[in-house]
Amino acid sequence: MVLLLSLFGIKDIIDILLLAALLFGAYRAMKESGSLDIFLGVLAFIFAWVVVSMLDMKLMSTVMGTFISIVPIILVILFQDEVKRFLTELGSRRGLRMFSRIFSKRDDSKDAKRWIMPVVYACMNMAKSKTGALIVIQQSMSLTDYERTGDIINADINSRLIENIFFKNSPLHDGALIIADGKLVSAGCILPVSHDTNIPRYLGLRHRSAKGISQATDAVAIVVSEETGNISYARRGELHLNLSSTDLEHVLSEIFETT
C-alpha cells in the first residue's frame, strides 16, 4: 500500500476515480438508450490503437491514429441524443440538488405524497374503463421543450381532472400529460418515439413514446393501455409492464419520496 501511494499521488487517484465515474456514466447512458454495442465497439477500437502504439507498429498506428483524431466528431454524430441528454442533465437541478437541500428546509417527499395517490387513483379508474393514458412525471431534467408541444394547464393535481383529460372525447386524450413540481403542467404533448426493436409488437404508440421519453430524459412515464387496461411504466429506457395500482403506488413512492 505504501509503495502504491508512492507511485500514485492523491491527485492521480482522484483523476482515475473521475475517469472511472465518467466511463461508467457513459456506459449506463449507452445501455439505457440501446447504443451499448456501438459504444463498446468504439472502446475496443481505442484499446486496439493503444496496443498497436505500444508495440510500435508505425503503419497501423498512423492509420488508426488518423481515425482516432476524428472520433470525437463521429461520436457526436452517432450519439447526438445521448450527448444532449448528458449536457442537459449536467446543467439540470440534479447537480445542484444536494447543495440546495443544505440551505433549504423544503421536504420533497411531502410534496410527492400529496400528488402520488391522485395519480394512482386516476390510473386505476382509467384501467377499469380501458381509457388510454400517457402520463410523464418530471424528475431533475427539464421537460420544457415537450411541454410546449401541448396545451399549458398549470393546474393542481386532481384525479378527476386527469381522467377528464384522457376521456375519449377530449381533444387532449391522444397526447401525453406532463407533471412537474407537483402540477399538471401541460396536456396533449408530443413525445419522442423509441425505435427499439425489442419492444413487443403488441404494444402501441403510447408505450413506445413512454420508452422514448425515458431514454431522452430521466422522467418516469406511466401508460394505461386502451386495449387491455393494463398499467405500465417506463424509466431509464426500460418498460415495466402489467402493474397493479398497488404496484404503481409503491414504484412512485420509492422513486419520488426518496429522491
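Arg206 is placed within helix H11, which covers residues 205-216, where helices (H or I, at least four residues) and strands (E, at least two) are DSSP runs numbered from the N terminus. The model is a predicted one, in which local features need pLDDT of at least 70 and side-chain atom pairs count only at pLDDT 80 or more, while totals for chains, interfaces and linings use all residues. Residues are numbered from 1 along each chain as its sequence is written, and side-chain values use heavy atoms, with hydrogens and water left out.

With a relative accessibility of 17%, Arg206 counts as buried, the classes being buried under 20% relative accessible area, exposed over 50% and partly exposed in between (1.4 Å probe, protein chains only). Apart from neighbours within four places in sequence, Arg206 is in contact with Gly132, Ala133, Leu134, His173, Asp174, Val223, Val224 and Glu226, contact meaning heavy atoms within 4.5 Å.

Lys130, with a phi of about 55°, belongs to the loop between helix H8 (108-128) and strand E1 (133-137) and is partly exposed at a relative accessible area of 39%. Arg236, also with a positive phi of about 55°, is found in the loop between strand E6 (231-235) and strand E7 (238-243), and its relative accessibility of 43% makes it partly exposed. Most residues other than glycine have a negative phi.

For helix H12 (residues 245-256), the 12 residues should span 16 Å at 1.5 Å a residue, which agrees with end C-alpha atoms that are 16 Å apart, the expected span being 1.5 Å times one less than the number of residues. Within H12, the buried residues include Leu248, Val251, Leu252, Ser253, Ile255 and Phe256.
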